[in-house]
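Colleague: I have the model open beside its sequence. Could we go through what has been computed for it?

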Amino acid sequence: MALNKYLYVHFFVMTKTILIIGCATLVLIWVKLWISVKIIAYLKSKGHKAGLFTNRMYVKGKIFKYLPLYKKVSKESDGKVGILYYSFYVTFLLFILLLIIGVYLVS
């Protein structure tokens with residue numbers, strides 16, 4: 001009886017942990033997308049041709065092309081690298097970390 005209770009509690013805690021990590025991962029994806037859109041908007045406001053969407057259908061994987069340009073333009077404009085540059089990499093690394101933890105917990 002005690003073993004069944006232990007297994008039930010263990011299953012409940014693991015399931016809850018996996019759901020929390022999964023939701024946090026999804027939130028990080030949305031935050032990263034929002035940061036990408038803000039970077040593109042900043043570059044467009046400074047006169048550069050940049051875009052994430054092709055024919056309004058899908059997101060291109062070109063944000064990594066625009067990150068060095070954003071770093072350069074924001075440093076020239078403001079004298080320091082913009083906060084979106086570091087925010088993008090922090091959310092990207094957290095996303096990768098949570099993804100690895102989630103896959104480990106599921107397997």
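Predicted model: local features only at pLDDT ≥ 70, side-chain atom pairs only at ≥ 80, totals over all residues.

Colleague: Where is Val-90 found?

Modeller: Val-90 belongs to helix 3, which covers residues 83–106. Its relative accessible area is 48%, so Val-90 is partly exposed.

Colleague: What is the order of the elements from the N terminus on?

Modeller: The order is α-β-β-α-α. The protein has three helices and two strands.

Colleague: And what share of the residues is buried?

Modeller: Of the 107 residues in the protein, 26% are buried. The accessible surface comes to about 8,000 Å², and 71% of that belongs to carbon and sulfur atoms.

Colleague: Let us turn to the aromatic residues. How many aromatic pairs are there in the whole structure?

Modeller: The search finds seven aromatic pairs. One of them joins Tyr-42 and Tyr-70: the ring centres are 5.1 Å apart and the planes stand at 75 degrees, so this pair is edge-to-face.

Colleague: Why does the pair of Tyr-42 and Tyr-70 tie together parts that are apart in sequence?

Modeller: Tyr-42 lies in helix 1 (residues 2–45) and Tyr-70 in helix 2 (residues 63–78), so the pair links parts that are 28 residues apart in sequence.

Colleague: Are Tyr-42 and Tyr-70 buried or exposed?

Modeller: Both Tyr-42 and Tyr-70 are buried. A further pair is made by Phe-88 and Tyr-89, whose planes are at 85 degrees with centres 5.8 Å apart, so this pair is edge-to-face.

Colleague: What is the relative accessible area of Phe-88, and what is that of Tyr-89?

Modeller: Phe-88 has a relative accessible area of 0% and is therefore buried. For Tyr-89 the value is 30%, which means that Tyr-89 is partly exposed.

Colleague: Which residues form the aromatic cluster?

Modeller: Phe-88 and Tyr-89 form one aromatic cluster with Phe-64, Tyr-85, Tyr-86 and Phe-92.

Colleague: Phe-92 interests me. Where does Phe-92 lie, and with which residues is Phe-92 in contact, leaving aside neighbours within four places in sequence?

Modeller: Phe-92 lies in helix 3. With neighbours within four places in sequence left aside, Phe-92 is in contact with Lys-32 and Phe-64. Its relative accessible area is 24%, so Phe-92 is partly exposed.

Colleague: With what is Ile-63 in contact, leaving aside neighbours within four places in sequence?

Modeller: On that basis, Ile-63 is in contact with Ser-36, Ile-39, Ile-40, Leu-52 and Phe-88.

Colleague: And Leu-67, what does that residue touch, not counting residues up to four places away in sequence?

Modeller: Leu-67 touches Ile-39, Tyr-85, Phe-88 and Tyr-89 when those residues are not counted. Leu-67 lies in helix 2, and its relative accessibility of 0% is why Leu-67 counts as buried. Its C-alpha atom is separated by 9.7 Å from that of Tyr-89, 22 residues apart along the chain.

Colleague: Which C-alpha separation do you have for Tyr-66 and Ala-50?

Modeller: The separation is 7.5 Å, for residues 16 apart along the chain. Tyr-66 lies in helix 2 and counts as buried because its relative accessibility is 5%. Beyond its neighbours within four places in sequence, Tyr-66 is in contact with Ile-40, Leu-43, Lys-49, Ala-50 and Gly-51.

Colleague: One more residue: is Ser-74 buried or exposed?

Modeller: Ser-74 has 0% relative accessibility and therefore counts as buried. The place of Ser-74 is in helix 2. Not counting residues up to four places away in sequence, Ser-74 touches Tyr-42, Gly-79, Lys-80, Val-81 and Gly-82.

Colleague: Finally, among contacts between residues at least 6 apart in sequence, what share joins residues at least 24 apart?

Modeller: The share is 59% for the protein.

Conventions
Residues numbered from 1 in each chain as written. Heavy atoms only, no water. Helix = DSSP H or I, 4+ residues; strand = E, 2+ residues; numbered from the N terminus. Buried < 20%, exposed > 50% of the residue type's maximum accessible area, 1.4 Å probe, protein only. Phe/Tyr/Trp six-rings, centres within 6.5 Å; stacked < 30°, edge-to-face > 60°. Contact = heavy atoms within 4.5 Å. Areas by Shrake-Rupley, 256 points an atom, 1.4 Å probe, with all protein chains shown as cover.
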